[in-house]
Amino acid sequence: MTTNDKQGRRRTALLDELRRAAGKPLGVHELMQRARLHPGERTDAKRSLRDLVQEGQATRDGKRYALAGAKPAPEGGGRP
């Protein structure tokens, strides 16, 4: 598997997990666990997330990332 293949797989896995989170911001560690990325890929995962933010596909708030344009579900089950 080439470096570009690995980057593409990592990027796709991270985007998929951001979509599944439905707007809930996730930290790098949690994203990596959900995407089943090896801890040794942390630096590359952070680079991929940085690129996604620069491209406007994801947003960053402190150390947490979310899918761009996704609104978090209301807390408490959405009841008033």
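Which residue forms a salt bridge with Arg-11? Select Glu-55: its pair with Arg-11 has the closest N and O atoms 2.2 Å apart. (A salt bridge here is a side-chain nitrogen of Lys or Arg within 4 Å of a carboxyl oxygen of Asp or Glu.) This pair links distant parts of the chain, with Arg-11 in helix H1 and Glu-55 in the loop between H3 and S2, 44 residues apart. Arg-11 is partly exposed at 24% relative accessibility, and Glu-55 is partly exposed too, at 45%. (Buried is under 20% relative accessible area, exposed is over 50%, partly exposed is in between, using a 1.4 Å probe and protein chains only.)

Before you click on, note that this is a predicted model, where local features need pLDDT of at least 70 and side-chain atom pairs count only at pLDDT 80 or more, while totals for chains, interfaces and linings use all residues. Residues are numbered from 1 along each chain as its sequence is written, and side-chain values use heavy atoms, leaving out hydrogens and water.

Next, pick Glu-41. It forms a salt bridge with Arg-9, closest N and O atoms 3.5 Å apart. Arg-9 lies in helix H1 and Glu-41 in the loop between helix H2 (28-34) and H3, so the pair ties together parts 32 residues apart in sequence. Glu-41 also forms a salt bridge with Arg-10, at 3.2 Å between the closest N and O atoms. Glu-41 counts as buried at 16% relative accessibility, as does Arg-10 at 5%, whereas Arg-9 is partly exposed at 37%. The whole structure holds nine salt bridges.

On to the sheet. It is open, with three strands in the order S1-S3-S2 and antiparallel pairing. (Strands pair if DSSP finds at least two bridges between them; strands are DSSP runs of E, at least two residues, and helices are runs of H or I, at least four, numbered from the N terminus.) Strands S1 (26-27) and S2 (58-61) are the edges, each pairing on one side only. Zoom in on S2 and S3 (residues 64-67): four bridges join them, and Asp-61 has Arg-64 in S3 as its bridge partner.

Last stop: the helices. Show H1 (residues 3-20), which lies across S1, S2 and S3 at about 80 degrees to S3. Then show H3 (residues 42-54), lying across S2 and S3 at about 110 degrees to S2. (Angles run from 0 to 180 degrees between N-to-C directions of axes fitted to C-alpha atoms, for helices over the stretch in contact; contact means heavy atoms within 4.5 Å.)
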